[in-house]
Amino acid sequence: MTMRYNRLGSTGLIVSELCLGTMTFGTDPGMFAAVAGLDQPASTALVKQALDAGINFLDTANVYTRGQSERFTGQALKDLGIRRSDVVIATKAMGSMGEGPNDAGVSRYHLMNQIDASLERLGVDHVDLYQIHGWDSQTPMEEALRAMEDIVRSGRARYIGVSNWAAWQVMKALGLSERLGIEKFASLQAYYTIAGRDLEREIIPMLQSEGVGLMVWSPLAGGLLSGKYTRGQDDRSEGDGRRAQFDFPYVDSDRGWAVIDALRAMAEAKGKTVAQLALAWLLYQPAVSTVIVGAKREDQLADNIGACDVTFTADDLKALHKVSRLPPEYPGWMLARQGSYRDEKVSPRRQPG
């Protein structure tokens with residue numbers, strides 16, 4: 001297996017094409033209980049397995065198991081004797097960390113408190129990527145961006161990112177940052193799978209235009225593309241998979257099953273698994289900087305890492321595109337229609353003989 005490495009957006013930071021997500025770390029019975037459940041030794045074992053495979057990027061968040069995920073991640077790195085300079089650590093803040101009115105959001109008050117708390121739990125003096133975890137309708141965007149700027153200038157973070165924002169929100173933030181001369185978002189962490197390509201309508205074109213990296217979360221659609229499920233099994237509440245307890249994120253059923261059918265046939269032909277092909281498809285998408293994979297068992301992580309060895313032909317990619325493409329939507333179909341005649345006026349690039 002050969003791990004590949006990409007720049008995170010237009011920064012000089014180089015990250016592995018797979019990133020270890022740590023939502024499964026921790027035993028606290030909170031909102032992530034259905035996903036989490038790993039104790040410290042099991043978490044440490046997965047971190048070691050990931051690092052041994054060439055993964056240099058770990059992603060966590062303060063809200064994962066109420067901070068346990070950060071603690072277990074930091075302790076794992078300490079127990080394994082990993083040099084701080086050999087690993088890229090990302091965490092996030094925005095979600096609720098208490099009952100008070102200021103225990104959530106992206107106000108200066110909350111972000112400044114939470115970066116210090118995250119560093120303490122991780123046992124480090126800085127994170128490499130600090131991310132706003134979602135949209136806060138109550139905090140002015142400029143306040144949040146200035147707080148993130150101050151966190152970077154203080155040395156507590158090297159880069160900043162955002163998660164789960166719409167294209168217009170990210171674009172507005174980039175414009176504000178440029179106008180104010182402050183740190184800009186290096187990355188967007190978002191949901192993207194071969195069975196859920198909604199990002200391609202507005203967000204991916206914006207990311208590519210502005211040089212913002214894409215970190216993919218839930219690349220297997222919450223386990224739907226793990227290979228456990230087959231067409232006709234519409235009641236995903238049955239079984240022991242993640243979807244049985246946490247049927248999220250949403251996937252259009254007709255398109256989802258068509259994708260699974262195509263992946264299963266192709267996986268059998270290639271001697272790979274459905275999950276490996278679903279992950280590998282993302283690795284072929286030019287906007288993607290890294291794909292976040294999470295696991296509860298070492299065999300699951302090993303299977304995910306095996307996606308790095310999957311190769312697709314042009315025909316493979318065409319076949320997968322055909323079953324997974326989004327239905328046309330305005331203004332996309334109008335933009336393509338109006339712009340196509342201009343494309344025809346441009347001569348093809350010269351090719352080497």
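R201 pairs up with E329 in a salt bridge, their closest N and O atoms sitting 3.3 Å apart; the term covers a side-chain nitrogen of Lys or Arg within 4 Å of a carboxyl oxygen of Asp or Glu. R201 belongs to the loop between strand 8 (185-191) and helix 6 (203-210), and E329 to the loop between helix 11 (314-324) and helix 12 (332-343), so the pair ties together parts that are 128 residues apart in sequence. Helices (H or I, at least four residues) and strands (E, at least two) are DSSP runs, numbered from the N terminus.

Both partners are partly exposed: R201 has a relative accessible area of 28%, and E329 has 42%. Here buried means under 20% relative accessible area, exposed over 50%, and partly exposed in between (1.4 Å probe, protein chains only).

## What we're looking at

This is a predicted model, where local features need pLDDT of at least 70 and side-chain atom pairs count only at pLDDT 80 or more, while totals for chains, interfaces and linings use all residues. Residues are numbered from 1 along each chain as its sequence is written, and side-chain values use heavy atoms, with hydrogens and water left out.

## The chain overall

The protein chain has 12 helices and 10 strands. For 353 residues, a compact globule would have a radius of gyration near 20 Å, and the chain's 21 Å agrees with that; the radius is taken over C-alpha atoms, and the globule rule is 2.2 Å times the number of residues to the power 0.38. Along the principal axes, the C-alpha atoms fill a box of roughly 55 × 50 × 45 Å.

Of the 353 residues, 51% count as buried. Take the contacts (heavy atoms within 4.5 Å) between residues at least 6 apart in sequence: 76% of these join residues at least 24 apart.

## Salt bridges within helices

A search of the whole structure turns up 16 salt bridges. One of them joins the side chains of D52 and K48 at 2.8 Å, N to O. Both residues lie in helix 1 (residues 40-52), four residues apart, or about one turn of the helix. D52 is exposed at 57% relative accessible area, whereas K48 is partly exposed at 41%.

R146 is partly exposed at 35%, and so is E142 at 30%. Elsewhere, E149, R153 and E183 are linked in a network of salt bridges.

Helix 3 (residues 108-122) has 15 residues and should span 21 Å at 1.5 Å a residue; its end C-alpha atoms are 21 Å apart, which agrees. The expected span is 1.5 Å times one less than the number of residues.

After helix 3 comes G123, with a positive phi near 75 degrees. H126 sits in the loop between helix 3 and strand 6 and counts as buried at 9% relative accessibility. Leaving aside neighbours within four places in sequence, H126 is in contact with R84, L119, G155, R156, A157 and R158.
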